[in-house]
Structures are given as C-alpha cells and as structure tokens.
Amino acid sequence: MNILHWIYGVLSFLGHDIGYALAYIIESIILLIFVSVMLIFMIYLFRKYMARVQQRIGPNRVGKFGSLQLIADALKLMGKEIIFPKERDDLPYKVAPYIVFFGLILAFAFLPYGNLSIFGNLTITYSDVSIIFIFAILAIMPIGEVLAGVGSHNKYALMGALRSVAKDVSFEVPMMLSVLAIVMMASARTSTSLSLESIVTTEILPYGILEPIGLFVFFIAMIARASYAPFDMGESDSELVSGYSTEYTGMRFALFYIGLFGSIFLGSLLIALLYIGGFNGPFSSQVGFIWLIVKGLILVLISFTIWLSMPRIRIDRLVNAGWKYLLPISFINLVLAGVLTLGLGW
Amino acid sequence: MEVKEPKKRIPLIGILSGMISVASHLFRKPVTVQYPEVRPYEPERFRFRISLKLDDCVGCTLCEQVCPNGSIKMEKLVRENPRNKRMLYPDVNFGTCTVCRNCEEICPTTAIYLTHEFETARTKNSFLYSPLELAMDEKEVKK
C-alpha cells in the first residue's frame with residue numbers, strides 16, 4: 001500500500017485523472033515537507049555534534065536546547081537584502097541555486113522508503129530503472145554549481161566551480177562502477193536488477209558484507225559527491241572565499257547550504273539502501289521506513305565525523321585519488337562481484 | 001652512522017584513529033560557561049572597582065598624583081566634612097583605569113579602596129564616576 005493510493009482513495013470522487021493528479025501533487029508536498037524537516041534536523045544535529053566534539057555547547061538560546069535556532073536562521077536569511085553582482089550573467093546566476101535544490105528533491109522521489117505501519121510507502125513513483133534515474137539526477141546538481149561559478153563573474157566562484165567539476169568527474173566513474181557490481185550481483189536473482197526496490201528486496205545478505213570494497217569506494221565517492229571535508233574543493237573556504245557560492249546572499253545561499261546537507265542525507269540513504277540492507281530488518285513490513293532512516297542517520301553521523309576530523313586535500317591529489325586508486329579498486333570489485341555471482345553462485 | 005628510517009605508515013589507520021579521537025570528544029563535558037547564568041570562578045583577592053568612603057577622604061590629592069595614567073581627577077563637591085576643608089574628592093575614569101591599586105596603597109586614611117565588583121557595564125556612554133557614585137554600591141549607580 002502506498003500513500004499515493006491512500007490519498008487517491010480519499011479523492012476518488014473527483015474521477016480518475018483529476019484524482020490521481022491531485023494525489024501526486026499532495027504526495028509531492030508531503031515528501032517535500034519530509035525532506036525539509038529531515039534537513040533542518042540534520043543541520044541542527046550537525047551543529048550540536050560539531051559543538052560537542054569541540055567541547056562547546058552549540059545553539060542553546062532559541063527554543064528548548066536551541067531547537068528553533070535553524071528556523072530563526074532561515075527567517076534571517078529570508079529577510080536579508082539580496083545583493084546582485086554588477087556584471088553577473090543574469091539567468092545562470094539566478095537559476096543555479098534552484099537547479100541544485102530541485103535536483104536534490106527530485107532524487108528523493110524515487111527512493112524506496114519501505115513501509116510504515118498504516119501509512120504505507122512514501123515513494124512517489126516506481127520505475128524499473130530507478131538506479132539510472134537517481135544517478136542521472138545526481139549528475140544535474142553539478143550543473144547548478146557550474147552555472148553559479150560562471151554566472152557570478154568572480155574569480156573565486158569560477159575557481160570553485162572548476163574544482164568541483166574536476167572532483168565530480170573523477171569520482172562519478174568509480175561510483176557508477178561500484179553500483180554496476182551490485183546490479184551484476186542482483187541480476188542473478190531478479191529480472192529488474194536496475195530497480196532499487198527489487199535490489200533491496202531480493203538480497204540475501206547485505207551487499208556491504210559481500211563486497212566491502214564496493215562499499216568503501218562508494219562511500220568515498222559519495223563524500224566527494226556531497227563535497228564536504230576532505231573533499232570540499234568546491235567551497236575551499238580558506239582559499240577561495242566560499243567557492244561557487246561566494247557571490248550569493250540570502251535565500252539563494254541557503255539553497256546551496258541545504259543542497260550540501262541534502263546531498264549528505266541522500267548519499268547516506270543510498271548507501272543504506274545499496275549496501276547495508278535499506279529497509280530490511282526485523283518487522284520490516286511494518287517499520288521498514290524507520291529502519292532505513294535509522295541506518296541513514298548512523299551513516300550521517302559517520303559522515304559528520306569524517307567531515308570534522310579531516311583537512312582538505314590538495315586538488316591534484318584528489319584527482320589522483322579518483323583516477324589512480326579508486327578506479328582500479330572499483331574494477332577489482334567488479335571482477336570480484338562477477339566471481340561471487342557466477343563462480344560461487346551467491 | 002645508521003640512519004633510522006621512519007616507520008612506514010599503513011594507509012587508513014591514521015584516518016581511522018583521527019576519526020575515533022574526534023568521536024570520543026563527544027562524551028566530554030563542554031568547557032563553555034554560560035556566563036550570566038553560571039558564574040565563573042573568581043579568585044578571592046580579585047579587585048576591580050574603586051570605591052570611596054566620603055567621610056574618610058581628606059582631599060590630599062595623593063591618589064591623583066600617583067595615578068599612572070591620569071584616571072583620577074580631583075573634583076569639588078560641596079559637602080559637610082570637617083576633615084576635608086578644600087572639599088576635593090577623587091573622580092575616577094574606569095575607561096583608562098588599569099587597576100594598578102596605587103591609589104589604594106597611598107591613601108593615608110584608606111578612604112579609597114578597591115572592591116570585588118567587576119560588572120560595571122551601563123547604558124551611559126561614559127566610564128566617569130563622580131565621587132558620589134564612587135561612594136555608592138554598583139547596583140545603585142546603575143539605577
């Protein structure tokens with residue numbers, strides 16, 4: 001049972017076409033609210049976690065334990081004066097943050113979330129090739145970063161955009177190869193091996209146990225994709241003021257900031273789905289959604305720990321790491337996956 | 001002489017140990033003190049604010065002379081005090097006072113002395129304290 005059908009059941013008096021159209025819109029809004037709430041919670045979690053790791057207290061004045069601090073910050077950013085650079089390239093400059101943000105939100109629509117008691121599944125639409133779809137959407141977000149860098153007419157922004165493109169290009173390939181290994185292994189058990197849902201439901205053991213190398217490669221590539229330390233090339237705040245978001249103020253800057261945390265959350269959910277069993281677990285037909293979120297949040301905390309414990313690496317070493325180390329490792333992983341699937345029949 | 005080679009590092013071990021040490025700080029107590037609600041430790045002999053006993057002051061101007069940065073100026077204050085015939089009392093500028101405590105040391109009648117109080121922030125844009133304000137408690141001055 002899906003939330004979509006549940007909403008359609010309520011709206012069925014409007015007829016098939018209008019009912020489904022409205023149901024899709026309402027469920028999209030529900031998803032948008034869910035993602036926004038999760039992101040606000042994540043930013044709060046990050047600030048508290050960072051503070052406690054640095055032996056500070058963190059936000060504690062607005063609301064109980066500073067829980068309303070993020071809402072206050074969002075209101076502040078909305079109320080700020082928007083300053084446009086004089087020689088900007090107008091359309092790319094204005095469109096870039098929305099490309100980053102909506103690209104991110106779109107990717108959440110295709111994730112299989114698992115069931116939650118009577119509410120059913122949050123997934124908006126199912127596809128037999130959802131993996132390809134999600135990674136295609138993930139490839140949209142760097143376009144927003146490039147547009148921001150080029151449109152800002154600022155040398156720091158341009159450098160940041162160049163770096164983030166170099167980073168994305170060199171880590172996309174190992175990431176896709178490690179996903180290919182999973183698709184290979186899943187194709188032995190299901191005919192729709194490109195669908196995330198069927199990959200997760202037909203697995204015997206979580207793929208992270210069967211191919212830890214793939215998990216390692218995918219995790220590192222996901223860090224690079226979300227661009228936080230040690231791979232925060234696009235931002236590099238000690239060298240390039242703030243990278244591609246240098247010239248942005250107010251709500252447009254907030255969209256980039258949300259995009260960063262959203263990528264971390266999306267990456268964690270993807271790792272949870274692909275490698276550590278996603279919504280599988282005890283009572284998964286009732287509380288699969290909670291399993292997924294818990295696994296995702298544990299991965300988010302690991303990501304934050306990586307973020308807070310590492311310095312930024314140099315851009316040439318980063319590109320080297322992508323092409324000279326991760327790519328061969330992911331090929332080895334691919335061969336191992338083939339051996340496991342065809343040779344041993346796992 | 002044999003040169004000692006540095007130990008060859010195993011990749012990823014350093015990264016993992018860094019992550020563990022970062023995560024272990026999570027369970028330590030924060031060092032931040034929430035100032036207005038929680039008071040930090042104050043040493044017993046800490047002194048900041050200069051106070052004045054108006055009845056003991058003899059107007060000898062020694063404090064004005066000894067003050068190294070001219071924070072103390074003598075001021076005329078009409079007041080019944082048989083020991084202070086010239087009616088001169090010190091006037092302190094806390095903006096320049098360095099709390100050297102020379103005035104307290106040199107005062108022959110211990111009329112001028114330093115107290116434990118240090119929260120002298122006020123809405124008036126001046127650090128000047130008149131003799132009457134010096135004689136008052138800090139809470140009354142704020143009123």
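## Starting with burial

A residue counts as buried if 20 or more other C-beta atoms lie within 10 Å of its own, exposed if 12 or fewer do, and partly exposed in between, with C-beta atoms placed from the backbone. By that rule, 15% of the 143 residues of chain B are buried.

This is a predicted model, where local features need pLDDT of at least 70, side-chain atom pairs count only at pLDDT 80 or more, and totals for chains, interfaces and linings use all residues. Residues are numbered from 1 along each chain as its sequence is written, while chains are lettered from A and ligands numbered from 1 in the order in which they are written.

## Chain B as a whole

Let's walk along chain B: from the N terminus on, its elements run α-β-α-β-β-α-β-β-α-α. Here helices (H or I, at least four residues) and strands (E, at least two) are DSSP runs, numbered from the N terminus.

The radius of gyration of chain B, taken over C-alpha atoms, is 27 Å, well over the 15 Å from the globule rule (2.2 Å times the number of residues to the power 0.38), so chain B is more spread out than a compact globule. Its C-alpha trace spans about 85 × 45 × 30 Å along the principal axes.

## Helix 2 of chain A

Now look at helix 2 of chain A, residues 16-53. Its buried residues include A:Ala23, A:Met38 and A:Tyr49. Among the elements covering the buried residues are helix 4 (90-108) of chain A and helix 1 (13-24) of chain B. Just after this helix, A:Gln55 takes a positive phi of about 60 degrees.

Technical notes: The expected span of a helix is 1.5 Å times one less than its number of residues. Two residues are in contact if their C-beta atoms, placed from the backbone, lie within 7 Å.
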